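Hello,

Here is the structure I promised to pass on. Please open it alongside this note.

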Amino acid sequence: MSDTIVTHPLVDGAVGPGCKKVDPIVVADGVTRTFGGLTAVDVAHVEIPRHAITALIGPNGAGKTTFFNLLTGFDKPNTGEWSFEGHSLARVPAFRVSRKGMVRTFQLTKSLGRLSVLQNMLLGATKQPGENLFTALIKPLWSKREQAITAKAEELLARFKLLEKSEDYAASLSGGQRKLLEMARALMSDPVLIMLDEPMAGVNPALTQSLLGHIKQLKSEGMSVLFVEHDMHMVRHISDWVIVMAEGKVVAEGPPDQVMNDPAVIDAYLGAHHDTDLGDMTGANPVIEAKEVAAQHAAKKEGAI
Amino acid sequence: MDWGQILDTAAGELLSPVTAAYALAAIGIGVHFGYAGLLNFGQAGFMAIGAYGFVVPTLLFDFPVWAAFLTSIAASVLFAFLLGIPTLRLRADYLAIVTIASAEIVRYVVSTTGLTDVTGGAAGLSGFNGSFTALNPFADGIYGFGPWTFTANQLWIRVVGWSLVAIASVLVYLLMRSPWGRVVKGIREDEDAVRSLGKNVYAYKMQALVLGGVFGSLAGVIYVLPRAVQPANYGTTLTFFIWTMLLLGGAATIWGPIVGAMIFATLLTLSDGILRGLISADIITFISGTQAGQIRFMIIGAVLMLLVIFRPQGIFGNKKELSFNV
Ligand SMILES: Nc1ncnc2c1ncn2[C@@H]1O[C@H](COP(=O)(O)OP(=O)(O)OP(=O)(O)O)[C@@H](O)[C@H]1O
Ligand SMILES: [Mg+2]
């Protein structure tokens, strides 16, 4: 463990996995989720800081998406409690979580294909009285709000470079454009905490740059951001805080520069190569190694029979 | 064979109360499937509930027509809740299985001998139309022209039936251009996405199920008003007829269910007339009249297969919507 940094302005006390924050927006305790014999999430304690951009990183299968699903009510934990702005949110249905201001996007995009891009956006808005079955029948009751949210949607679409597409079916968008649409749609409700699952996967570098600026802007407007990302440049560039998950657990957290040099993090990412120097990685022979792993797996299977 | 007569009967079918009932029921599953993405394969069940909900109180308790309409609607709302509460949280296919089974249960229940005093058993019920005809505002006489020549009573049921179709269509039009319709269509595309945006997906699905079910029950009432209730009519065949009409016209469209029902009903009568005409004129000798009744379904089936292959979006549907693999 690097002992150089022990305190941080966001942290109340010493920095370390599960450390207390000065002003946490989400506090989770003892959250576990198993799939059969596999423990996908096993988070003892974690706090997400308010008014900050927090990155959640970790290798494939670390449990990041599952943890997102649990926090937002899309999956049910085996055990655990968590609160958002001081209110317990455990076992609250997903739509209520969203109404409380904790809005998420999905790693595998969920654009509503046979609705136009603009309709997708409008669906993200809140307080539209026309969404009630009875008021829906009388247009004057909801057309004012519709105008207001349409203006807002168009402004967001312009920012995300999707305005020319607003009348097209969302199904006609490219993969990257769908990511952008989903992020823009989530912003329609002015969330308190926005949770982005790999927002930049498949988005071209130039646009990524401008979106990073946009995310920083969200923070300055008072929003808190939690995002999952594999691109370490992006993590380093915009996050104030980084939480590292591996095999379901929070194994490290801290400011980006410190975390990326943390042996526990390197260990989590590189697994078997933890003895190897990062510069030495080319020396390992992945083919031979894969064969060894496959042989072990076969032996295990035989033993099981 | 008398071509004039055959065409006359087929054209008359365009405006018949049965066609109006088909159209209403198709509008109902249009709301379910076309807009909300709910697979209701039990629309015949909703129609049966509607028919018995109207007829039983009329016969047993002398309910006036308006009250019988209300019990019919209330019964279908109840039925929709019964189906929806356990299944709407599950994946779409489960609703399909539950609705198809429930519709059969309804049919078996109303035809059981134990309930003969209430439902008339397998023979069904008749003689309930008096209070409805008593309300007829049209004076005795002959109305209309050509194939659309009606007696006062025939005109009355057609006016009521097609007015209900018009009201249902306007209602669906108003709802589907509203933000409510947007949420419902969003649920059809991906309910988790809609949930993540703070909408109570379960409540919207329930509302859509109830709405389409109520249209189904009204269809059931219009279906039986000019005749008697017979449980045998409410089999799965009826449900699939209605699905055919909906897909023929276009599922998520306003005119689709109406025109689909008209075409279907007319084709059914026309093919029947032609086949029977050919048999009685000894042009076709290898099939009997009863067989002809079944053969026309085969012909219609083939026509529909061609339609689905070459125009899968239906007559009014938007081809562009289908070009995406969503
Ligand atoms: N529905 C499920 N059924 C069974 N196992 C699951 C399910 N969802 C996730 N898992 C398992 O849980 C573990 C964590 O998955 P998760 O999707 O949370 O990983 P992740 O950290 O988001 O990975 P990635 O970076 O690849 O997106 C994986 O081993 C995965 O196989
Ligand atoms: Mg993931």
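First, the ground rules. Residues are numbered from 1 along each chain as its sequence is written, and chains are lettered from A and ligands numbered from 1 in the order written. The model is predicted, so local features need pLDDT of at least 70, side-chain atom pairs count only at pLDDT 80 or more, and totals for chains, interfaces and linings use all residues, while side-chain values use heavy atoms, without hydrogens and water.

**Ligand 1**

Ligand 1 has 14 residues around it (a heavy atom within 4 Å). N60(A), K64(A), T65(A), T66(A) and H230(A) come nearest. Polar side-chain atoms (N or O pairs within 3.5 Å) approach oxygen atoms of the ligand. For T66(A) the distance is 2.5 Å. For N60(A) it is 2.7 Å. For H230(A) it is 2.8 Å. The protein covers 62% of the 630 Å² of accessible area that ligand 1 has on its own (Shrake-Rupley method, 1.4 Å probe).

α1(A) gives the most to the shell, with 3 residues.

**A helix pair in chain B**

α2 (residues 17–35) and α11 (residues 201–224) of chain B have axes that come within 8 Å and cross at roughly 170° (lines fitted to C-alpha atoms over the stretch in contact; angles from 0 to 180 degrees between N-to-C directions). The two helices are therefore roughly antiparallel (over 145 degrees).

Best wishes

Methods
Polar contact = N/O pair within 3.5 Å; in protein donor to acceptor, adjacent residues only side chain to side chain. Helix = DSSP H or I, 4+ residues; strand = E, 2+ residues; numbered from the N terminus. Parallel < 35°, antiparallel > 145°, perpendicular 65-115°, else oblique.
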